[in-house]
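Let's walk through this model together, sheet by sheet and then helix by helix. Keep the structure open as you read.

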Amino acid sequence: VKALKCDLIVTGPQGNRTVAADDFFADIWTTVLDLDEILVEIRVPNPTSPHVGAYKKFRQRASDWAMVGVAIDLETVDGTFGNASVVMTNMGNVPIRASQVERVLAGQTITRDVVHSAAERAGEGTDPSSDLKASREYKLHLARVLTRRALETALDLA
């Protein structure tokens, strides 16, 4: 939802309101919804140019919960990356945009070298916590690996 830059429609006693996906998550397990509101609609923008996307996650076999997840939506224009949206989960209290990755990709020719260079920036600006499943350092490593894999998947589709 965040990678696609969706709008979320919520409703409650005061009526409907629109919340941008980037603003929906307030903290871990917490959204900006009031206690008497419910999410009723997700509006996905219709792309006006070619887009490719991918989602990769690493999880324990006993659970479907991602230790780290990476969702990407890439605009492709004449062999170059246009707007890039890269979002990581479990790299902080809320889903985090990998803005450094997005900056490296924007306007660059679609090549594996650009993808690998961008993926190396995946952990920048994040704050993953160590937990019983993975250390902070391991999550940073996973962010780089999963970002590279998601970008390579999208590259294969472009």
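How many bridges pair strand 6 and strand 7, and in which sense? Strand 6 and strand 7 (residues 66–77) pair over nine bridges, in the antiparallel sense. One spot to look at is K57, which stands opposite G69 in strand 7.

Before going on, a word on the ground rules. This is a predicted model, so local features need pLDDT of at least 70 and side-chain atom pairs count only at pLDDT 80 or more, while totals for chains, interfaces and linings use all residues. Residues are numbered from 1 along each chain as its sequence is written, and side-chain values use heavy atoms, with hydrogens and water left out. Helices (H or I, at least four residues) and strands (E, at least two) are DSSP runs numbered from the N terminus, and two strands pair if DSSP finds at least two bridges between them.

Back to that sheet: four strands form it, in the order 6-7-8-9, and it is open with antiparallel pairing. Strand 6 (51–59) and strand 9 (96–97) are its edge strands, each pairing on one side only. Helix 4 packs on this sheet and touches strand 6, strand 7 and strand 8; contact here means heavy atoms within 4.5 Å. The direction of helix 4 makes about 35° with that of strand 7 (axes are lines fitted to C-alpha atoms, for helices over the stretch in contact, and angles run from 0 to 180 degrees between N-to-C directions).

Strand 1 and strand 2 form a hairpin with two residues between them.

| Strand pair | Bridges |
|---|---|
| Strand 1 (residues 7–12) and strand 2 | six bridges |
| Strand 6 and strand 7 (residues 66–77) | nine bridges |

Finally, check out helix 3 (residues 112–119), where V114, V115, A118 and A119 are buried (under 20% relative accessible area, with exposed over 50% and partly exposed in between, using a 1.4 Å probe and protein chains only). These residues cover an arc of only 130° around the axis, which puts them on the same side of helix 3; the arc is that of the directions from the helix axis to the C-beta atoms. Their cover includes strand 8 (80–89), helix 2 (99–105) and helix 4 (136–157).
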